[in-house]
Amino acid sequence: MITRSLIVGCGASLPQRRVTNFDLAKRVDTSDDWVVQRTGIRSRHIASEGETTSSLALAAARQALERSAIGPESIDLIVLATTTPDHTFPATATRLQAELGIRHGMAFDVQAVCSGFVFALAVADNFLRLGQARTALVIGAETFSRLLDWTDRTTCVLFGDGAGAVVLQAVEGAGSVDDRGVLSTHLHSDGTQYHQLWVDGGPSTTQTTGHVRMHGKEVFRHAVTRLSQVAEEAIAANGINADRIDWLVPHQANFRIIDATARKLGIPAERIVLTVDRHGNTSAASIPLALNEAVTDGRIKRGDLILMEAMGGGFTWASSLVRW
Ligand code: ACO
């Protein structure tokens with residue numbers, strides 16, 4: 001028997017305000033046609049004053065706990081993936097811990113930008129497998145809009161805000177690919193690509209928050225190659241073929257990246273969960289938001305095999321195979 005992490009529930013939260021491409025076109029020199037053709041994005045949710053990474057994360061976490069029928073007192077680990085913490089320190093996860101009334105265990109943030117949720121899932125999974133925790137909350141939450149330069153049309157049209165959460169519980173099992181739970185995680189980083197996609201501020205350099213800067217074409221080129229590689233890595237490590245995958249739940253950066261990656265893997269369009277059209281790129285929140293949508297509407301069912309993949313600044317890239 002081996003210990004494995006079972007996802008026992010999920011939840012999500014989006015800011016109230018929905019901003020369409022038409023709304024953006026009133027502010028910056030862009031058009032609905034350009035954004036839809038290049039990215040597949042039609043609208044995104046943008047946090048208003050008072051909506052923060054922690055408030056979105058809290059709503060997502062509460063929903064995940066409710067659906068798992070697990071009380072906050074059982075949570076002994078909180079891992080929050082975010083690029084947009086409420087404050088430079090302490091970790092936003094500790095704020096969440098306090099708001100949930102949890103007075104034990106540990107809570108910390110993980111920073112891997114758009115790959116953050118899969119990195120956080122891997123961290124929590126390893127803690128559970130090693131017996132250092134029994135029940136974990138893993139959250140991806142962002143107010144990415146606060147990092148945007150609203151005069152830069154090449155970046156400001158791409159991103160949105162939101163949060164998604166899952167509850168993980170340590171269970172014993174035979175360790176086969178047919179057992180429910182997190183089957184594998186694969187993580188990578190390549191810091192030589194630091195300036196392809198970055199924020200030009202920070203406490204140690206400019207003492208400002210800074211804005212997102214990106215070489216879009218280079219990011220696109222790397223994304224398709226690395227996402228298909230890391231997905232193949234997950235498939236090979238579990239000794240299966242891509243046709244066994246019931247659902248691809250990709251990071252939602254750009255429809256063209258998702259489509260090109262799925263084609264390389266041979267996964268048909270009807271098995272891809274897509275939210276990029278309505279959420280834009282919500283960085284670490286995009287995978288749990290998509291997962292929550294497909295679980296809530298009944299597409300993802302108990303026993304389904306789910307492949308998650310993501311890439312982000314660093315570069316970082318990651319995949320996880322999960323039996324729901
Ligand atoms: N509206 C209208 N025109 C625009 C806009 C806009 N919002 N943005 C750029 N343009 C113009 C450019 O100025 C350029 O005009 P020019 O030819 O007169 O110079 C023209 O459109 C083409 O610009 P490109 O940058 O060459 O456009 P491209 O086809 O590369 O598309 C895009 C840009 C959509 C950003 C693409 O490169 C891309 O998707 N890259 C991946 C980036 C990404 O997804 N990043 C997210 C984070 S990383 C991740 O999560 C994987």
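In this predicted model, helices are DSSP runs (H or I) of at least four residues and strands are DSSP runs (E) of at least two, both numbered from the N terminus.

**Figure 1. The protein chain as a whole, the setting for the close-up views.** The protein chain contains 10 helices and 13 strands. Its C-alpha trace spans about 60 × 45 × 40 Å along the principal axes. The radius of gyration is 18 Å, which agrees with the value near 20 Å that a compact globule of 324 residues would have. Of the 324 residues, 59% are buried. Among contacts with a separation of 6 or more, 76% are between residues 24 or more positions apart. The accessible surface amounts to about 13,400 Å², and 51% of this area belongs to carbon and sulfur atoms. The chain carries 31 positive and 34 negative side chains, and the centres of these two sets are 3 Å apart.

Figure 2. Helix α10 covers residues 286-296 and is largely enclosed by the rest of the structure, because 8 of its 11 residues are buried. The buried residues are Ser286, Ile287, Pro288, Leu289, Ala290, Leu291, Asn292 and Ala294. Glu293, by contrast, is partly exposed, with a relative accessible area of 21%. Just after α10, Gly298 takes a positive phi of about 90°.

Figure 3. The side chains of Arg278 and Glu293 meet in a salt bridge, with N and O 2.9 Å apart. Arg278 belongs to helix α9 (residues 276-279) and Glu293 to helix α10, so the pair ties together parts that are 15 residues apart in sequence. Arg278 counts as partly exposed, at 32% relative accessibility. Arg278 and Glu293 also take part in a network of salt bridges that links them with Asp277, Asp297 and Arg299.

**Figure 4. The salt bridge of Asp190 and Arg226.** The whole structure holds 16 salt bridges. One joins Asp190 to Arg226, with the closest N and O atoms 3.2 Å apart. Asp190 lies in the loop between β8 (181-189) and β9 (197-199), whereas Arg226 lies in helix α7 (residues 216-237), so this pair ties together parts that are 36 residues apart in sequence. Which side of the cut-off for burial do these two residues fall on, buried or exposed? A residue is buried when its relative accessible area is under 20%. Asp190 therefore counts as buried at 17%, and Arg226 is likewise buried at 13%.

**Figure 5. The salt bridge of Asp200 and Arg213.** Here the side chains of Asp200 and Arg213 form a salt bridge, with 2.9 Å from N to O. Asp200 is in the loop between β9 and β10 (212-214) and Arg213 is in strand β10, so the pair ties together parts that are 13 residues apart in sequence. Asp200 is partly exposed at 28% relative accessibility. Arg213 is also partly exposed, with a relative accessible area of 25%.

**Figure 6. The surroundings of His186.** His186 lies in strand β8. Its relative accessibility is 15%, so this residue counts as buried. Which residues is His186 in contact with, leaving aside its neighbours within four places in sequence? They are Val230, Glu233, Ala234, Ala237, Trp317, Ala318 and Ser319.

**Figure 7. Two cis peptide bonds, each involving a loop residue.** Most peptide bonds are trans. A cis peptide bond joins Phe89 and Pro90, with omega at about 0°. Pro90 is found in the loop between β4 (77-81) and α4 (92-99). Another cis peptide bond joins Gly314 and Phe315, where omega is about -10°. Phe315 lies in the loop between β12 (305-312) and β13 (316-323).

Figure 8. Most residues other than glycine have a negative phi. Val113 is located in the loop between β5 (106-110) and α5 (116-129), and is buried, with a relative accessible area of 17%. Ser283, also not a glycine, has a positive phi of about 55°. Ser283 is placed in the loop between α9 and α10. At 0% relative accessibility, Ser283 counts as buried.

Conventions. Residues numbered from 1 in each chain as written. Predicted model: local features only at pLDDT ≥ 70, side-chain atom pairs only at ≥ 80, totals over all residues. Heavy atoms only, no water. Rg over C-alpha atoms; globule rule 2.2 N^0.38 Å. Buried < 20%, exposed > 50% of the residue type's maximum accessible area, 1.4 Å probe, protein only. Contact = heavy atoms within 4.5 Å. Areas by Shrake-Rupley, 256 points an atom, 1.4 Å probe, with all protein chains shown as cover. Lys, Arg positive; Asp, Glu negative; His and termini not counted. Charge placed at Lys NZ, Arg CZ, Asp CG, Glu CD. Salt bridge = Lys/Arg side-chain N within 4 Å of Asp/Glu carboxyl O.
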